[in-house]
Amino acid sequence: MSAQVHVPSLFARVGTASALTLAVTSSMLAPGLVSDAEAATAHSTKALKVAASKKGAPYRYGAAGPSRFDCSGLTLYSFKKAGKKLPRTAQQQYNKTRHIAKSQRKRGDLVFFHSGRSVYHVGIYAGSGKIWHSPKSGDVVRLAKIWSKSVWYGRVR
């Protein structure tokens, strides 16, 4: 017995279809219909929402929440709430993720800022060239444009 799903209005004439039929049909008839957020894994999407919910929380070196964060503390906290375990520092988090090209980045992926081979900052990609991050002492968790070309991207597994 196949699972039945109600088809969105785009395919209203089809009625109901199995999940497999819907997936194949929607990708053939409407490529690009799925947004970056929908394409990202569920844990990455949840982690992004958690990070955004911490907007305005003050930076504190070494803090990993729930009310104060440093950069890697924010990513650690956000992914922990989404059911994924990350190491503590930005460099360790980079080493643990699946490295991806800029062209493959999706909302919820990690953005690592580096100098040479050393990672010094991390944020969560929010789309449109922006990240949620906890920048520095005296600042707060906020959405910001990616300000450097010296970045690498990683996907939490």
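Reader: What order do the elements of the protein run in, from the N terminus on?
Author: They go β-β-α-α-α-α-α-β-β-β-β-β-β. That comes to five helices and eight strands. Bear in mind that this is a predicted model.

Reader: Let's go to the charged pairs. What makes D70 and R88 a salt bridge?
Author: Set the distance against the cut-off. The closest N and O atoms of the two are 3.1 Å apart, and the rule asks for an Arg or Lys side-chain nitrogen within 4 Å of an Asp or Glu carboxyl oxygen. So D70 and R88 qualify. D70 sits in the loop between α3 (42-53) and α4 (71-81), and R88 in the loop between α4 and α5 (90-96), so the bridge ties together parts 18 residues apart in sequence.

Reader: How many salt bridges does the rule give?
Author: Three. One of them joins D109 and R155, with the closest N and O atoms 2.8 Å apart, again inside the 4 Å limit. D109 is in the loop between β3 (98-100) and β4 (110-115), while R155 belongs to strand β8 (residues 151-155), so this pair links parts 46 residues apart in sequence. Both D109 and R155 are buried. D139 and R142 also meet in a salt bridge, at 3.2 Å from N to O. D139 has a relative accessible area of 16%, so D139 counts as buried. R142 has 32%, so R142 is partly exposed.

Reader: What makes S134 buried, and where in the chain is S134?
Author: S134 is in the loop between β6 (130-133) and β7 (142-145). Its relative accessibility is 0%, which is under 20%, so S134 counts as buried.

Reader: What does S134 touch?
Author: Leaving out residues up to four places away in sequence, S134 touches Y59, F69, D70, C71, L74, H121 and V141. With F69 there is a polar pairing to point out: a polar atom of the S134 side chain lies 2.8 Å from the F69 backbone oxygen.

Reader: How do you know that α4 is mostly covered?
Author: Count the residues: nine of the 11 in α4 are buried. They are C71, S72, G73, L74, T75, L76, Y77, S78 and F79. The cover includes α3, α5, β4, β5 (118-127) and β6.

Reader: Why is K80 called exposed, then?
Author: K80 lies in helix α4 too. At 63% relative accessibility, K80 is over the 50% mark, so K80 counts as exposed. The C-alpha atoms of K80 and A47 are 7.9 Å apart, though the two residues are 33 places apart along the chain.

Reader: What makes the length of α3 agree with a helix?
Author: At 1.5 Å a residue, the 12 residues of α3 should span 16 Å, and the end C-alpha atoms are 17 Å apart, which agrees. The buried residues in α3 include H43, T45, L48 and A51.

Reader: Which residues touch the most other members in the largest nonpolar core?
Author: F79 and L110, out of 24 residues. α3, α4, α5, β4 and β5 each supply at least two residues of that core. The largest share, five residues, comes from α4. L110 has contacts including T75, F79, L86, V122, I124 and W152, beyond its neighbours within four places in sequence. Another core, of eight residues, lies apart from this one, and I100, V111, Y125 and I131 are among its members. As background, nonpolar side chains tend to be buried together in soluble globular proteins.

How values were computed. Residues numbered from 1 in each chain as written. Predicted model: local features only at pLDDT ≥ 70, side-chain atom pairs only at ≥ 80, totals over all residues. Heavy atoms only, no water. Helix = DSSP H or I, 4+ residues; strand = E, 2+ residues; numbered from the N terminus. Buried < 20%, exposed > 50% of the residue type's maximum accessible area, 1.4 Å probe, protein only. Polar contact = N/O pair within 3.5 Å; in protein donor to acceptor, adjacent residues only side chain to side chain. Contact = heavy atoms within 4.5 Å. Expected span 1.5 Å × (residues − 1). Core = buried A, V, L, I, M, F, W, Y, C linked by side-chain atoms within 4.5 Å.
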